[in-house]
Amino acid sequence: MSTHTSGLAIETAGLVKTFGETRAVDGVDLAVSAGTVYGVLGPNGAGKTTTVKMLATLLRPDGGQAHVFGHDVVREADEVRSRVSLTGQYASVDEDLTGTENLVLLGRLLGHGKTAARQRGEQLLEAFGLTDAAAKQVKHYSGGMRRRIDIAASILNTPDLLFLDEPTTGLDPRSRNQVWDIVRAVVAQGTTVLLTTQYLDEADQLASRIAVIDKGRVIAEGTKGELKASVGAGSVHLRLRNADQRPEAERLLRDLLTAEVQLEPDPVALTARLAAAASDTAADHAAKVLGELSRAGITVDSFSLGQPSLDEVFLALTGHDTGQATGDATGTGPDTDTKDEVAA
Ligand SMILES: Nc1ncnc2c1ncn2[C@@H]1O[C@H](COP(=O)(O)OP(=O)(O)OP(=O)(O)O)[C@@H](O)[C@H]1O
Ligand SMILES: [Mg+2]
């Protein structure tokens, strides 16, 4: 594969990396189209960073093959390096330098002249909302600012392929949104992004295709829609006026939707998971449900339609959850489903 005609930014076949007894990456096949955001989703220790490091030529594979824009990551490592950039899980900028100093220094190292390096630095600091922090030492930056300066550093020269290894882990929702906007802007300029994440909603927000990895293996791959379809069509969430009408509502839902109905801790709330095979849309289901409930004299105070979360996808694929703590600000719970809340 010395000529590159496939339109793939990344292509791996049977990629393996072992550390002693641990098969950190255990036969990974990936195909990432150029110009897209590709999500690699998996829990702690799944093999995400190890995969990225092999693709970025920082680790040598123990088996299989990997090509980046048609170049072999081992035999043609220099060509690969000239086209990729990596923002690591742990930020790589110099803590003792200011934001400006970091970007100017890196710009100079990349061969830009003094003025060009300064201009590019200023431009990126402004684009990333860091102008006010430009003269501050990076060690005094917040986590979100740190992540942004790190991404800025990695796109000083617009790379053809950018690896973002867990770019938002530990960030608050606002900072995560800022990073997401940056990723969208980078892709809009033609860069391919391989993004690793433990956050299901992050892959959902950014990536067009997603590989779910667990214990060094790809356990599912596809578009977001395909992954979700493997679990179900979504859910209908209802809140009733009277708790004592819930058993009847539950019965009705089961009959109508042949769906799994879940009673929520809140005594007036219940959720029906819609089957994957259902040909109607979630909205059709909801309309049917509301009509029947109304005919049965059951008052619905509000309802919402939810897409299945990727968390549910992971559970369905692996039989275990993602192993992440719940109830944090990262939004992996059912409450962050894409819901259209409607007052009935
Ligand atoms: N240098 C190393 N030496 C020994 N074991 C390693 C090394 N790097 C990774 N591993 C092991 O390989 C497995 C995969 O690790 P990796 O860092 O790729 O996971 P990850 O998906 O990036 O996890 P996280 O979400 O925690 O960053 C883990 O079991 C890890 O302990
Ligand atoms: Mg990692």
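Predicted model: local features only at pLDDT ≥ 70, side-chain atom pairs only at ≥ 80, totals over all residues.
I began with ligand 1, and by class its shell holds three nonpolar, nine polar and one charged residues. For my own reference, Ala, Val, Leu, Ile, Met, Phe, Trp, Tyr, Cys and Pro count as nonpolar, Asp, Glu, Lys and Arg as charged, and the others, Gly among them, as polar. Residues are numbered from 1 along each chain as its sequence is written, while chains are lettered from A and ligands numbered from 1 in the order in which they are written.

**Entry 1: the shell**

Which residues are the closest to ligand 1? I found 13 residues around the ligand, the closest being Phe-19, Ala-24, Lys-48, Thr-49 and Thr-50. A residue is near a molecule if its C-beta atom, placed from the backbone, lies within 6 Å of it. The elements giving two or more residues to this shell are β2 (22-33) and α1 (48-55), and α1 gives the most, with three residues.

**Entry 2: the whole protein**

I noted 11 helices and 15 strands. Helices (H or I, at least four residues) and strands (E, at least two) are DSSP runs, numbered from the N terminus. Of the 344 residues, 41% count as buried. Buried means that 20 or more other C-beta atoms lie within 10 Å of the residue's own, exposed means 12 or fewer, and partly exposed is in between, with C-beta atoms placed from the backbone.

**Entry 3: the open sheet**

In what order do the six strands of the open sheet stand? I read β6-β7-β8-β3-β9-β10, with mixed pairing. Strands pair if DSSP finds at least two bridges between them. β6 (84-87) and β10 are at the edges with a single partner strand each, so one side of each has no neighbour in the sheet. From one strand to the next, the twist averages 15°. Next I followed β7 to β8 (residues 192-197): these two pair in the parallel sense over five bridges, and Asp-165 has Thr-196 in β8 as its bridge partner.

**Entry 4: the hairpin**

β1 (residues 8-19) runs antiparallel to β2, and nine bridges join them. Glu-11 stands opposite Ala-31 in β2. Two residues lie between the strands of this hairpin, where Gly-20 takes a positive phi near 60°.

**Entry 5: two helices**

Two packed helices are described by the angle between their axes and the distance between the axes. For α5 (residues 143-154) and α6, the axes come within 9 Å and cross at roughly 10°. Axes are lines fitted to C-alpha atoms, for helices over the stretch in contact, and angles run from 0 to 180 degrees between N-to-C directions. Among the residues making the contact are Arg-147 of α5 and Val-179 of α6; two residues are in contact if their C-beta atoms, placed from the backbone, lie within 7 Å.

**Entry 6: two positive phi values**

Most residues other than glycine have a negative phi. Glu-166 is not a glycine, yet has a positive phi of about 50°. Glu-166 is in the loop between β7 (161-165) and α6 (173-188). Lys-215 also has a positive phi of about 50° without being a glycine, and is found in the loop between β9 (209-214) and β10 (217-223). Are these residues buried or partly exposed? Glu-166 is buried, with 22 other C-beta atoms within 10 Å, whereas Lys-215 is partly exposed, with 16.
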